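Today I opened this model to look at how some of its pieces sit against each other. My notes are below.

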Protein chains: 2
Amino acid sequence: MSGRPTIDDIARLAGVSKATVSRVLNHKPDVDPATRDRILRIVEEQGFIRSIAASGLAGGRSRLIGVLIPSFAWPLIPDIMNGVAEVIGETDYELVTYSINDRIRRNNHVDIIDRILATKLTAGLLAIYSAQPPQHLARLHRQDFPVVVIDDQDPPPNVPWVGIDNKAAGYAATRHLIQLGHRRIAHIQGPMQLLCSHERYEGYCQALQDAGLPLLPDLVLEGNFAPTGGRACARILFSMPPERRPTAIFAANDQTAYGVLAAAEENGIHIPHDVALVGFDDLASTTAHIDIRPELTTIRQPFYEMGQRSIELLLSLLEKPRFPAYENRWRYSADSTGRGSHIDEEKPPRIYLPASLVVRASCGSPHPLTIPLPPLDSSA
Amino acid sequence: MSGRPTIDDIARLAGVSKATVSRVLNHKPDVDPATRDRILRIVEEQGFIRSIAASGLAGGRSRLIGVLIPSFAWPLIPDIMNGVAEVIGETDYELVTYSINDRIRRNNHVDIIDRILATKLTAGLLAIYSAQPPQHLARLHRQDFPVVVIDDQDPPPNVPWVGIDNKAAGYAATRHLIQLGHRRIAHIQGPMQLLCSHERYEGYCQALQDAGLPLLPDLVLEGNFAPTGGRACARILFSMPPERRPTAIFAANDQTAYGVLAAAEENGIHIPHDVALVGFDDLASTTAHIDIRPELTTIRQPFYEMGQRSIELLLSLLEKPRFPAYENRWRYSADSTGRGSHIDEEKPPRIYLPASLVVRASCGSPHPLTIPLPPLDSSA
DNA sequence: CTGTTAGCGCATTCAG
DNA sequence: CTGAATGCGCTAACAG
């Protein structure tokens, strides 16, 4: 008892065997309520926290959750991670972060996924927006390693996934501009290697079509999800003769829209007076720290909730009894093509979170307004 | 050998005892070079990575590094963490992130520091910009728990620390404006609970004094390190009668400067023509993702390097032989007041990294220009 | 320089 | 419902 208390100390103090203490700590049902309470009280008094390393080793199941992120500088990460951290903070799990580094890891025969598997350090993995080929994740999943994917570009079938309906959101953004009376609506896409870029574009096309508007190829340009791309594309659009120039732009994300704003200023184009602008993402961590004028009408992705839900889902994969499944907590849409995966018997592994349209000044709205998107309406 | 190889498998394949394998893995010097190579080859072939949990348990020294961050959304974090992750990626250590959540943790009798100590999960801690009272960190340090602090508001004496010389940087920013010919230079401070806000302000005062300029109290306002504060303060400054209005503003960080830009636009004030503006930080993760016009003249803090150096320092605290100390790699300035701490015999635990002045359009410079700051010249 | 022996702190059998 | 025994995978003393 010189250092921190160990489970033996607690057992001694409680007058029980350490096996019983262990049972209580692991939420086993078959313990006498009285002794359970006594043990918990002593645990509390002593400030006892059991060693994650030891219990992981002994039980074969660690209480560390891995989070794989492309880069800490990817703007979505802070928002998502705050949600992740909030849920983890309520549990006795901790977070191990793996980031995909530009530079080579020391042992470059073994990639990160191998490393995650080989160290057997973490009990499960949350993969955020992975730039890794999804097959790697599929491999993990196939090996019965619990994985949840957030917004991956093309989630392997049956890998649990949390995200939004990008097509519906693209549809809503475009429809908003149409309802404002715009007829020449441009779209600056995200990088077309990403599935979400395609989906948002599909929503754009669908909205035009549903409104009987023509899809004008000149008004669709591929950006890069960064201001540089938005700026370059907007310059092209703004240099068009007035009669062909768009009166509104749907940018595939906010950063692209920032580039559009810069280009507009260069060209003496006033937003929203001359051109209306809609973005996509509405990151809390960004909007709190910069001061973009005019404020952007945009699609808000619920990143914080994505973080929460994805960790909750992962935890339920790890310990169903403690962290019950979410049958009724969210809307989900089943991928019914699964065959053979052990996850098949589960509820479908795709969780769609509701996005919303946030109307602000860049479309001419005097007062901000948040409009929830309707449930998966227009999805083909 | 059905699952992942274990150290026994390697030992068997190499025809040695597992103790020897362990010695090799732990970089012990006393192993026959030939067998060492053979073992390493087999380790490589098998893709063997030893369990962090088990080796931590057995050796009493884990290979997990804790990183304590206030919030993932704090803008400095991505830049720093990328540097941290790069160094960690070269080692066999992994990162455990602890973030200070607004909400209560489940067991709120035990704060995060206690938790970090109690789980004995991590071998050391990097505390970034902690909003926690520094005494907590001092407690860790006193318990011989290896800690390194980045840019903490008031680092306890003798706790290893990595950062910049804020006073010198504030001095350089202000002097730049003076050299441009400005005489009425305002300063929008950071929140004055933070030490760095005081230091930057001191640099500002010193620069004015050295130039024989009066310190005008009306021109010093306290912001909050966010655009809202910058905007509010700038409105006050811009509403002053022309003869008292500043011709230049030194904002204590870039986010504050963004607020100034917004206020300028509101008031029809042109930057840099009417008012020159200097910021502070120059975060790579921010500038890459937004498109602020005009581009900000600012002080660049080497956050990526801070991340790298702080982890290297922490690693050297943990394993001096493997990760040698940094006697000659950086300039440092000793805090010679230490008494009794075991770190005393070490090289001084304060590492000052060089900042630089980045000249851009917000001061009227047509072309960006980076000027390294001179070594700790003007520090009192 | 190397093998043998004991645990690290805990979860999990298996009896009772 | 509970205690005693066994071992997770690895490192750290020991001897040799």
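**Two helices in chain A**

I looked up helix H10 (residues 227-238) of chain A and helix H11 (residues 254-266) of chain A: their axes come within 6 Å and cross at roughly 45°. Helices here are DSSP runs of H or I with at least four residues, strands are runs of E with at least two, and both are numbered from the N terminus. Axes are lines fitted to C-alpha atoms, for helices over the stretch in contact, and angles run from 0 to 180 degrees between N-to-C directions.

This is a predicted model: local features need pLDDT of at least 70, side-chain atom pairs count only at pLDDT 80 or more, and totals for chains, interfaces and linings use all residues. Residues are numbered from 1 along each chain as its sequence is written, while chains are lettered from A and ligands numbered from 1 in the order in which they are written.

Next I checked who touches whom. Among the contact residues are A:Arg231 and A:Phe238 of H10(A), and A:Tyr258 and A:Val260 of H11(A) (contact means C-beta atoms, placed from the backbone, within 7 Å).

**The sheet**

I then traced an open sheet of twelve strands with mixed pairing, running from S11(A) to S11(B) (strands pair if DSSP finds at least two bridges between them). Strand S11 (350-352) of chain A and strand S11 (350-352) of chain B are the edges, each pairing on one side only. From one strand to the next, the twist averages 20°.

In chain B, strands S1 (residues 64-69) and S2 (residues 94-99) run parallel, joined by six bridges. I found B:Ile65 opposite B:Leu95 in S2(B).

Definitions and conventions. Contact = placed C-beta atoms within 7 Å.
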